[in-house]
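Welcome to this briefing. Take a moment to look over the sequence and the structure, and then we can walk through some points together.

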2 protein chains.
Amino acid sequence: MLTTTESKTTRRVSAAALHAFLMDAMRACDLSEADAAIVAGAMLEADLTGSDAHGIFRLPGYVKALKRGAMNPRANIRELERGPATALIDGDHGMGHVVMTYAANLAVELARGAGVGWVGARRSNHAGAGATYAAIPLRRAMVGIYGAASSVNHMAPWGGSEPLLGTNPMAVAIPAGNEPPVILDIATSLASNGAIRTYELDGKPMPEGWVQHRQDGSSITDPRRINEGTYLPMGGYKGSGLSLVIGLLAGPLNRAAFGRDIRDFAAPAGGDGNVGQFVIALDVARFAPLDMFKAEVDRHIRELVSSRRLPGGDDIRVPGMGRAARRAERERDGVPLNAAVLAQVDELAKSLAITPLGARA
Amino acid sequence: MLTTTESKTTRRVSAAALHAFLMDAMRACDLSEADAAIVAGAMLEADLTGSDAHGIFRLPGYVKALKRGAMNPRANIRELERGPATALIDGDHGMGHVVMTYAANLAVELARGAGVGWVGARRSNHAGAGATYAAIPLRRAMVGIYGAASSVNHMAPWGGSEPLLGTNPMAVAIPAGNEPPVILDIATSLASNGAIRTYELDGKPMPEGWVQHRQDGSSITDPRRINEGTYLPMGGYKGSGLSLVIGLLAGPLNRAAFGRDIRDFAAPAGGDGNVGQFVIALDVARFAPLDMFKAEVDRHIRELVSSRRLPGGDDIRVPGMGRAARRAERERDGVPLNAAVLAQVDELAKSLAITPLGARA
C-alpha cells in the first residue's frame with residue numbers, strides 16, 4: 001500500500017511531551033530514574049537531530065525486548081578490564097544507551113589522565129544513534145569516536161549473498177568553536193537500516209541499489225521484500241571492508257558477537273545477544289591549544305561551505321550542520337511523527353498504563 | 001595514446017634487485033643508511049603487496065622533492081608533546097615513510113604501557129601505503145589504525161566543485177592466527193589517486209563516475225583530463241564526510257594543513273607543505289586473551305570466505321587476503337613493472353649515478 005503524500009500522515013509533538021512520554025515508558029519497564037533519563041534523553045536527541053529511525057520509532061521494539069527479558073532494565077554494568085587508557089565493560093544485557101553512555105563517560109575519564117581512552121563493551125544492546133556517544137566527549141573538549149557491531153546482520157561480505165555483516169556504523173565528533181561541532185554518523189551500508197525502515201513505514205519504493213536479491217543480486221525496491229535480500233555496502237568492497245573491521249573491533253575484540261554468531265535479519269528474533277561496541281575519547285589539548293584548534297575547525301568549516309558549488313546543486317554541508325539546524329527547528333516547532341508510529345506508541349501506552357503521547361503535547 | 005594490451009609493456013624484477021635499487025637511490029639522495037632502509041622497505045612492501053601506486057612508481061617524484069629540498073633527507077624527528085598514551089611529533093619535513101615508521105613505533109611503545117597509543121605527526125610528507133604503518137603494531141599483537149590528510153587536494157566537499165579535500169586514506173590492521181592479518185587500506189575517494197594514475201600511465205580510459213568535471217559535474221574518463229575535474233568520494237556524502245573527519249584529525253589536530261591550506265592537484269607543485277598523519281596502536285591483550293582473539297578472527301575469516309557467493313561472482317575475500325597472495329606470488333616471480341616506469345627510473349638512475357634497475361637481475 002504505497003501512499004503518495006507524507007505530509008497528511010505526520011503530526012508535530014513537542015520535545016517536552018516526547019521526553020516525558022519516553023521517561024514514563026522507561027519507568028513502566030522498570031528502569032531506574034537515572035537510566036530512564038539516559039534512554040529518554042538519547043532517544044529524544046535522535047528525534048530532534050533527524051536520526052528519526054533511532055528515536056521513538058524504536059520504542060515498541062525496546063519495550064518488547066525489556067518485557068521478554070532480552071534487555072535487562074536493571075543492568076549492573078561492570079568493568080572487566082581496566083588499564084591506564086583502556087577498559088572493557090560488561091553491559092549485563094542492559095539497554096545500549098545506558099551501557100554506551102557509561103562507556104563514553106569512562107573513555108573521557110581515561111582520556112583526562114592519559115590523553116586518549118578506548119572503552120569496549122560486551123553484552124550490550126542496540127544503542128540508537130552512534131552520534132550520541134561520539135558527542136559525549138565534546139563536553140570536555142575531546143574528540144569522540146564510536147563503532148558498533150550491529151545486533152542483526154543485514155549485509156553480505158563483498159561478492160557474497162548471505163547476510164553475515166551488520167551495517168556496523170561509525171560516528172566521529174570533533175569540537176568546533178562558534179560553528180556546530182563536526183559530527184559524522186554513518187552506517188557502512190549504502191542506506192542505513194533506519195532509512196530503509198522509514199521507507200517501509202511510509203510505504204514508498206526504495207531507490208535502486210540499496211538492497212540486492214540473495215538469489216541473483218538484482219535490485220529490490222519494494223521495502224516489504226527486504227527479507228529476500230541483503231543491503232549493499234557504501235562504496236562497494238570498501239564499505240564491506242569497513243563494516244568488517246569495525247565489526248571485529250566492536251565484536252570479537254570485546255568478546256562479543258560477529259559474523260555467523262549474529263542472526264540474519266530475516267530470521268525470527270530471539271536468543272541471548274552479545275552486542276559489542278566501542279567508544280574512544282581523545283583530548284584535543286594534548287595536540288594543539290584548544291582555542292587554536294577550535295578556531296581552525298571554524299575557519300575550515302566556513303571555507304568548505306562557502307566554496308564553489310556544482311551548478312544546480314544543493315548547499316554544501318559539513319557533517320553536523322544539518323543536525324544542528326534540525327535540532328533548532330524541532331525544539332521550536334516540535335518533532336514531526338509519522339501517524340503510524342504515533343498509533344503504535346499509543347497502543348503501547350495502553351499496555352504500559354501510561355498517558356498516551358497523543359494526549360500530551 | 002591508448003594501448004590495448006598491458007602484458008607486452010611489463011617486466012618482472014626480483015624483490016632483491018628492487019630493494020637494492022631503492023636503497024641506492026635513497027643513499028644517493030643523502031638519506032642515512034637506517035632511513036634509506038625504512039623507505040626502501042616501505043616502497044618494496046607496497047610493490048610486493050599490490051599497492052603499485054605507492055611503490056617504485058613514486059620514486060621519481062620523491063627524488064625530485066628530495067633534490068629541491070621539499071623533502072628533508074636528514075630529518076630530525078622530535079617529540080613536541082607526549083602524554084601517557086598520546087604524542088605529537090614534528091617530522092622536520094622528512095620522508096613520510098621515516099616519520100610514520102617513527103610514529104607507529106612510538107604508538108606501540110605507548111600502547112604497551114597504557115593499552116592504546118595515538119601519535120600524530122606534523123611537517124611530515126607523503127608516506128606511501130597506509131597499510132605499512134597500520135601493520136607495524138601487528139608485530140606486537142596489536143591493532144593498528146592509520147589516517148592521513150593528503151598532501152594534495154583531489155576531492156570537492158559533497159555538492160561542491162573545488163578540490164578542498166584530499167582522498168584522505170585510512171588503514172586498519174587486525175591480528176589473525178593462521179590466516180593472514182585483516183588489513184584494510186582505502187582512500188575515501190571512490191578510486192584512489194594511485195589507481196587513477198595507473199590508468200594514466202597505461203593510457204586506458206577510466207570507469208565512469210570516478211572523476212567529475214568541475215564546471216558541470218559530468219563524468220571525465222580520459223585520465224589525461226583529470227586536472228579539469230575532481231575525484232568523487234566513495235559512497236557519496238559518506239565518503240566526503242569520512243575524508244573531512246580523517247583530514248581534521250590528521251591535519252589541524254596536529255597543527256598540520258587541511259582544506260584551503262593544501263594546494264589543488266592541478267596547481268603547480270611547490271611551497272613548504274605541512275602534511276599531517278596519525279597512527280593508533282591498540283593492545284589486544286587488554287581486551288581478550290590473545291590466542292582466543294586470534295582463533296576467533298581466523299574462524300570469522302573462514303566463515304566469511306566460505307559463505308554462499310552471488311551467482312557468477314568472484315571469490316569472497318577478506319581485506320588482507322589479496323595482499324598476502326600477491327606478496328607470495330611476487331616474492332617468488334618478481335614484481336611486474338610497467339615499461340614506462342622502468343624507463344623513467346632508469347633515466348633517474350643515470351642522474352643519480354647508480355646502477356640502473358634494468359641492469360640488475
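A nonpolar core is a set of buried Ala, Val, Leu, Ile, Met, Phe, Trp, Tyr and Cys residues joined through side-chain atoms within 4.5 Å. Keep that in mind as we begin with the core of this predicted model. The largest such core has 98 residues, and A:Ile174 and B:Ile174 have the most contacts inside it.

**The cores**

- B:Ile174 is in contact with residues of both chains: A:Val245, A:Leu248 and A:Leu249 from chain A, and B:Leu138, B:Val143, B:Pro181, B:Val182, B:Phe293 and B:Val297 from chain B, leaving aside neighbours within four places in sequence.
- Another core, of 69 residues, lies apart from the largest one, and A:Ile77, A:Ala131, A:Tyr133 and A:Ala349 are among its members.

- Strand 5 of chain A (residues 142–148) pairs with strand 6 of chain A in the antiparallel sense over 4 bridges, and here A:Ile145 stands opposite A:Val172.
- Strand 7 of chain A (residues 182–186) also runs antiparallel to strand 6 of chain A, joined to it by 5 bridges; in strand 7, A:Ile186 is the bridge partner of A:Met170.

**A buried asparagine in a loop**

- A:Asn153 sits in the loop between strand 5 and strand 6 of chain A.
- Is A:Asn153 buried or exposed? With 1% relative accessibility, A:Asn153 counts as buried.
- The side chain of A:Asn153 reaches two backbone atoms: the nitrogen of A:Gly166 at 3.1 Å and the oxygen of A:Ile262 at 3.3 Å.
- Not counting residues up to four places away in sequence, A:Asn153 touches several others, including A:Pro163, A:Leu165, A:Gly259, A:Asp264 and A:Phe265.

**Where the chains meet**

- The contact between the chains involves 79 residues of chain A and 79 residues of chain B.
- About 6,500 Å² of area is buried between chain A and chain B, and carbon and sulfur atoms give 72% of it.
- The interface of chain A and chain B holds 2 salt bridges and 18 residue pairs in polar contact.
- Helix 7 of chain A (residues 237–250) supplies 8 residues, the largest share of the side of chain A that touches chain B.
- A:Asp261 forms a salt bridge with B:Arg299, with 2.8 Å between the closest N and O atoms.

**An open sheet**

- In chain A, 3 strands form an open, antiparallel sheet in the order 9-8-10.
- Strand 9 (219–220) and strand 10 (229–231) of chain A are at the edges and have a single partner strand each, so one side of each is left without a neighbour in the sheet.
- Strand 8 of chain A (residues 211–213) is joined to strand 10 of chain A by 3 bridges, with A:Gln212 opposite A:Thr230.

**Salt bridges within chain A**

- A:Arg74 and A:Asp30 form a salt bridge, their closest N and O atoms being 3.5 Å apart; both residues lie in loops, and they are 44 residues apart.
- A:Glu45 forms a salt bridge with A:Arg327, with closest N and O atoms 2.3 Å apart. A:Glu45 is in helix 2 and A:Arg327 in helix 9 of chain A, so this pair ties together parts that are 282 residues apart in sequence.
- A:Asp90 and A:Arg123 meet through their side chains in a salt bridge of 3.1 Å, N to O, linking strand 3 to strand 4 of chain A. A:Asp90 is buried, with a relative accessible area of 3%, whereas A:Arg123 is partly exposed at 23%.
- A:Asp24, A:Arg27, A:Glu33 and A:Arg360 are joined into one network by salt bridges that share partners.

**Backbone angles to look at**

- A:Arg255 is not a glycine, yet it has a positive phi of about 55°; this residue is in the loop between helix 7 and strand 11 of chain A.
- B:Asp92, also not a glycine, has a positive phi of about 55° and is found in the loop between strand 3 and helix 4 of chain B.

Technical notes:
Residues are numbered from 1 along each chain as its sequence is written. Chains are lettered from A and ligands numbered from 1 in the order in which they are written. This is a predicted model: local features need pLDDT of at least 70, side-chain atom pairs count only at pLDDT 80 or more; totals for chains, interfaces and linings use all residues. Side-chain values use heavy atoms; hydrogens and water are left out. Buried means under 20% relative accessible area, exposed over 50%, partly exposed in between (1.4 Å probe, protein chains only). Contact means heavy atoms within 4.5 Å. Two strands pair if DSSP finds at least two bridges between them. Helices (H or I, at least four residues) and strands (E, at least two) are DSSP runs, numbered from the N terminus. Buried area is the accessible area (1.4 Å probe) that two parts lose on being put together, summed over both. A salt bridge is a side-chain nitrogen of Lys or Arg within 4 Å of a carboxyl oxygen of Asp or Glu. A polar contact is a pair of N or O atoms within 3.5 Å; within protein, one must be able to donate a hydrogen and the other to accept it, and residues adjacent in sequence count only if both atoms are side-chain atoms.
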